[in-house]
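Here is a short report on one protein chain.

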Amino acid sequence: MQYKESNLLGAPFRGGSLAWASPTQLLLPLGSRIALTDLKLSESNTLPGQHSGYVARMAVSPDGTLMLSVDTQGRALLFNVRRRRLLHRLRFKGPVSAIKFSPDGSMFAAGVGKLVQVWRTPGYRRQFCAFHLLKTFVAHDTVTCLDWSPDNDWIIAGTRDLVCKLFCVHRLPAYHPVTLSGHRDPIVGVYFTKEDSSGDSVNGAYSVSRDGALFHWQFQPASSQVLASLEDLASGGSEEPEDVADTVTIAGSKTSGRNFSKDDSDDDFTVVLSPKDEENGNKGKKRKVRLIEKARKKKLRRKGEDQEEEVEEEDQETTTFYEETAGSGEEAVVTGKQEQAVSEQQERGFVDPLKFELLERKWSCSRLDKGRWELVKKHFFLQKTSVTSCTYHSRLNLLVAGFATGTFGLYQLPEFTCLHLLSISRDKITSAAFNDTGNWLAFGCAKLGQLLVWEWRSETYVLKQQGHYFDVNCVAYSPDSQLLATGADDNKLKVWNNSTGFCFVTFTEHTNAVTAVLFLSGNRAVVSASLDGTVRAFDLMRYRNFRTFTTPAPTQFISLAADQSGEVICAGSLDTFQIYVWSMKTGRLLDMLSGHDGPVYGLAFSPTDELLASSSWDKSVRLWDVFKGKGGIETFSHTHEVLALAYRPDGKELACSTLDGSIHLWDPLEGELTFTIEGRRDIAGGRLMSDRRTAANSSSGKAFNTIAYTADGSYLLAGGTSKYICLYDVSEQVLLRRFQISYDMSLDGFRDMLNSKNMTDAGPLDMIDDEDSDDDRFDFIGKGQGLPGTAKKNTRTSVRTKCLQISPTGRSWAAATCEGVLVFSMDDDLIFDPTDLDVDVTPEFIEEALLNKQHARAVVLSLRLKEISIIRRSIEAVPLSNISTVAKFIPLTYLGTLLGAITGFLESTPHLEFLLEWCQEICVAHGRAILTKNKQLLPLLRSLQKSLTRLHEDLSSVCSTNQYLLQYVCSAPTVAPDLPQLRLTSQ
C-alpha cells in the first residue's frame with residue numbers, strides 16, 4: 001500500500017507571513033506545513049516536508065522558483081515551488097524575525113535577534129554545504145523588519161529600539177554606519193524608494209512604526225569632489241577627503257605611507273585622528289593607544305599567515321582593502337594578497353562566482369553613507385490603534401497597513417492619499433502581502449484563522465477561506481469519493497472538494513461540537529450529529545438544512561450510522577446510553593434501543609444485511625435487528641472498554657478496538673472471535689509533559705480510537721492517542737507500515753525523551769506562561785474563556801488521531817488529526833513489479849509490434865512492463881475499429897492494470913470519446929470476469945466512475961453556459977453551397 005501525504009484540509013491560518021509565488025499562486029502557512037493555493041485554477045495543495053514548529057516567516061525568490069520558510073525555533077526549509085520539492089535544510093541560531101531575498105535572487109538576508117545575516121542562495125546542483133554565510137551585521141536591539149536596495153548593495157533594517165539602520169554588503173573605504181531615528185515605537189516596516197520605476201538608484205526610504213507613524217526619508221548624495229576622493233582612495237591613492245573617518249596607517253622600515261610587506265620588523269605606527277578626538281585630550285590618547293594595539297595585532301597575524309604560505313615575493317603590488325570596525329568607522333590597510341588569491345583560484349576553477357561578482361561590484365557601489373538623510377514628512381494613520389502589519393509595492397508606490405481592530409488602509413505614496421479603508425475582521429490583521437502585479441492583496445488573521453484575498457481596483461473578494469478553528473472530530477467520504485465532509489468543535493460542518501482542496505459550503509446550524517458525519521447514497525445529502533442534541537440532514541443541491549431529528553429528552557449524540565438505502569438514521573447517545581432510530585422521509589422517531597450501560601461510541605450497519613452493530617464503554621458489542629424490531633439479537637463481550645468498530649466491506653468480519661490497545665476480529669454470522677491483534681507496542685511512542693515515566697516504559701492510555709477497513713478488506717487502518725497510524729494485514733495479523741502524522745515538536749506527546757531541566761516544582765517549564773503578553777500570534781482562545789470562574793491556561797495540543805475514513809475508490813484515505821484533516825493518496829506512478837518480466841518484454845519489442853500493426857501484442861507487453869508512458873502510447877495507437885478486438889485479447893490478470901491506466905489517462909487526455917469506447921468494450925468483453933473479481937476490481941471501478949463523473953459535470957457546465965452558441969453552430973449548414981466565381985475587372 002504505497003500511500004503518501006498529499007494534502008491538508010481544514011487547518012486554520014495560525015499566523016506567520018504570507019508570500020506570493022506568482023501573481024495567482026499564494027503561499028500560506030498552516031501550522032507546521034505550507035499550502036500552495038492557485039487562485040486561477042481554484043486548487044490548493046500542501047508542499048512536501050514539514051517543519052518542527054509553527055511557520056513564522058516565508059520569503060520567495062524574485063523569479064518565484066525558490067521559497068525559504070522558517071519556523072518559530074529558527075529551523076528553515078528551502079523549497080523548489082515549481083517542482084514542489086524540498087531542497088535543503090538550514091538552522092539559524094535563534095528565532096528569525098524577518099527574511100527577504102535580494103532583488104537579483106543571489107542572496108537573502110535574515111534578522112536573527114540583534115543580527116542581520118546575509119547568506120548566499122543555494123543553487124540547484126547537489127552539494128554538501130548548500131548555505132554560505134557572507135556577512136553579519138550587528139544592531140543594538142532585535143531586528144523587526146528589513147528591505148533590500150534595488151542594486152543589491154544595501155540593507156535597511158528596522159529594530160525594536162525605534163531606529164532604522166543601513167548596512168552595506170561590501171567593504172567600503174571610509175564607511176560610516178547610518179542610523180535613522182525619530183520614531184516613538186518599534187518599527188513594523190521599512191522600505192527603500194527609487195527615483196523611477198525602472199531605475200536602481202535609491203532616493204529615500206519609508207519607515208512605519210507600531211504607533212501609526214509613517215516617516216518619509218529623503219537621501220541627498222554627496223558632492224562629486226567627495227565621491228572622486230573616495231574613488232581615488234579605493235584605487236590606492238594617497239589623498240583622503242576631509243570628511244573621511246579615522247584611519248590607522250601601518251608603516252615599517254621598508255615602507256612608507258600606506259603599504260607594508262612581510263619583511264617589516266619595525267613597530268612604528270602613525271595614527272591620524274579626527275580633529276574632534278585631538279581636542280578631547282585623554283580620550284584621544286586612549287583612542288590612539290587602542291588603534292595602535294589593534295593595528296599591531298593585525299600586522300602580527302598577517303605575518304604569521306605569510307610565513308605559513310612561504311611566499312618569497314618582495315616587491316608585490318598591493319591593493320587597499322578596508323575593514324569596518326565596531327562602532328567608529330576606523331579603517332586598516334591590508335595587502336592585496338586576498339585579491340590575488342581570488343584571481344588565482346578563479347583561474348583554477350575553485351573560486352565562488354558570487355564572491356568574485358561581489359568583489360567586482362564593490363567599486364561601483366552607491367555610497368548611501370556619504371550623503372545626507374533628511375526627514376521630509378511625517379504622516380499618521382490616526383486609527384487610535386496600533387499597526388500590526390504592513391506591506392509596500394515599490395512599482396505602484398502603494399502602502400497597505402493592517403491594524404489591531406481588523407481594519408486595513410491602502411495609501412498612495414508619497415502624497416499619503418487614502419484609497420481604501422475597510423474592516424475585514426473582528427481581530428487584528430497579522431499578515432499582509434501584495435502580489436507581483438499589485439492588483440491582489442492577501443490578508444491573514446491568526447486569531448480567527450481567516451485568509452482573505454482582495455482585489456482593490458474592483459473592490460471584490462477573490463478568496464475568503466477559513467478552516468476549522470478547533471479540532472476536527474469526524475470526517476466522511478462521499479460514495480463517489482469526490483467530496484469530503486468534516487465536523488469540528490467549532491460547531492461547523494464543512495464540505496470540501498477532494499480534487500481541488502477547497503471548501504465550497506459551510507453549515508453553521510449546530511450550536512455545539514459536531515461529533516459524527518456521513519453521506520447518504522447519491523451524494524445529495526450529508527447528515528451530522530452533534531452534542532447539541534440534534535441530528536441534521538443538509539441538502540447539497542440547495543445548501544440548506546432540510547431535516548432535523550430530535551429526541552423527547554435532551555441528550556448528546558456521539559455516533560451516527562445510516563443503512564444502505566439512506567432511509568433509516570441511527571445515532572448513539574453519550575449520557576442516556578441509548579440508540580435512537582429515525583425515518584429520513586418523515587423525520588419521526590421510530591425506536592429507542594436500550595441495553596448498553598455506557599456511552600455508545602460506535603455504530604455501523606452491515607454492508608450486506610440489515611444488522612446494526614454498536615460498541616460501548618460497557619465492554620460489549622451488540623448486534624441489533626432494526627427493521628424487524630427484535631432489538632438486540634447477540635452480544636460480544638470484551639475484557640476492556642470498546643472504543644470503535646468497523647465492518648469489512650463484504651460484511652463477513654467485524655473489527656473492534658479496545659482500551660488495552662488490542663483489535664479483536666469477530667465473525668458476525670457465527671458469533672466467534674477469529675483473531676486478536678496486539679497493537680499496544682505498535683502505537684506506543686511519545687511522552688506527555690505530565691508523564692512521570694518514559695515512553696518506552698509507559699504505554700498507559702495508548703489505544704486505537706478509530707479503525708477502518710480498506711476498500712478490498714485486506715488491510716486495516718487504526719489510529720488513536722499517538723503520533724502514528726498503523727496499517728495491518730488482516731489475514732496475517734502483522735503490522736505493515738506506520739504513518740507518522742506530524743513532525744511538530746511543539747505538540748505534546750511527540751517527543752520520546754524529555755529534558756529533565758524543564759521540570760520544576762511548579763510543573764513543566766513549557767506550561768508556565770512567561771512570554772510577552774503583546775505577542776499573541778500563535779495564541780488560541782480556549783473554550784469558555786471570558787466566562788465567570790474561567791481563566792486562560794497555557795496548555796499544549798496533544799498529538800492524536802480522532803477519525804479515519806478510507807475513500808470508496810481505495811486510492812486515498814483521510815485522518816482527522818490535531819493539525820487538521822490529512823489526506824493520504826497512492827502514488828501517481830505505477831509500481832514497478834519485475835516478477836512478470838521476460839526477455840521479450842522490452843520497449844524495443846513493443847515499438848516493433850506497433851510498427852508491424854500488432855496492437856494486441858503491444859498492449860499486452862506494455863501492461864506487463866508497467867511503464868505508464870508506454871501503456872498510453874500503445875493504447876492510443878489502436879485504431880478505433882480494432883478496440884473491440886484488442887479488448888478481447890487482454891488477459892484477466894492485467895485487467896486491473898488497464899483500468900487503472902485508463903483512469904489516469906482521463907485526467908489529462910483530449911481523446912475522451914476514444915477512452916470511453918475502450919471502457920465500453922472492456923465491460924462488454926470481460927463483464928462476467930469483472931463480476932467474479934468484484935472484490936479486487938471494485939476500488940478501480942469506483943475510481944473510474946469518479947473520473948467519468950467529474951468529466952461529465954465539467955462538460956455539462958460548459959454546455960449549459962454555451963447553450964445558445966451551440967444551437968447556432970449546429971443550425972449552420974455543414975457544407976457551403978457552390979457559388980459562382982465573380983471576376984472583378986478594373987476599368
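## Salt bridges

The structure holds 14 salt bridges. The model is predicted. Side chains of opposite charge can pair when their charged atoms come close.

One of the bridges joins Arg800 to Asp471, with 2.4 Å between the closest N and O atoms. This pair ties together distant parts of the chain, 329 residues apart. Arg800 sits in the loop between strand 58 (763–764) and strand 59 (801–806). Asp471 sits in the loop between strand 32 and strand 33 (472–477). Arg800 has 22% relative accessibility, so Arg800 counts as partly exposed. Asp471 has 19% relative accessibility and counts as buried, because the cut-off for buried is under 20%.

Lys802 is partly exposed, with a relative accessible area of 27%.

Glu876 and Arg872 pair through their side chains in another salt bridge, 3.2 Å from N to O. Both belong to helix 9 (residues 868–876). They are four residues apart there, so about one helical turn separates them. Glu876 is partly exposed at 37% relative accessibility. Arg872 is also partly exposed, with a relative accessible area of 24%.

## Cavities

Rolling a probe the size of a water molecule over the atoms shows where empty space is left. In the whole structure, a search finds three cavities of 30 Å³ or more. The largest cavity holds about 220 Å³ of space. Its lining has 19 residues. Closest to the centre are Ala11, Leu28, Leu30, Ser44 and Gln465.

Which strand gives the most to the lining of the largest cavity? Strand 32 does, with three residues. Strand 1 (3–9), strand 3 (25–30), strand 4 (33–38) and strand 32 (460–466) each supply at least two lining residues. By class, the lining has 11 nonpolar and eight polar residues.

## A nonpolar surface patch

On the surface, Leu965, Tyr968 and Val969 form a nonpolar patch. Together these residues have about 350 Å² of accessible area. Val969 lies in helix 15 (residues 963–971). Is Val969 buried or exposed? Val969 counts as exposed, because its relative accessibility is 51% and the cut-off for exposed is over 50%.

## Gly679

Gly679 is placed in the loop between strand 52 (672–678) and helix 6 (680–683). Its relative accessibility is 0%, so Gly679 counts as buried. Ser657 is 22 residues from Gly679 along the chain. The C-alpha atoms of Gly679 and Ser657 are separated by 9.5 Å.

How values were computed: Residues numbered from 1 in each chain as written. Predicted model: local features only at pLDDT ≥ 70, side-chain atom pairs only at ≥ 80, totals over all residues. Heavy atoms only, no water. 1 Å grid on protein atoms, 1.4 Å probe; cavity = no way out; pocket = protein on both sides within 12 Å on 5 of 7 lines; lining within 4 Å. Points joined across faces, edges and corners; volume = space filled by probe spheres on them. Nonpolar A, V, L, I, M, F, W, Y, C, P; charged D, E, K, R; others polar. Patch = residues over 30% accessible without salt bridge, like charges linked within 9 Å, V, L, I, M, F, W, Y side chains within 5 Å. Areas by Shrake-Rupley, 256 points an atom, 1.4 Å probe, with all protein chains shown as cover. Salt bridge = Lys/Arg side-chain N within 4 Å of Asp/Glu carboxyl O. Buried < 20%, exposed > 50% of the residue type's maximum accessible area, 1.4 Å probe, protein only.
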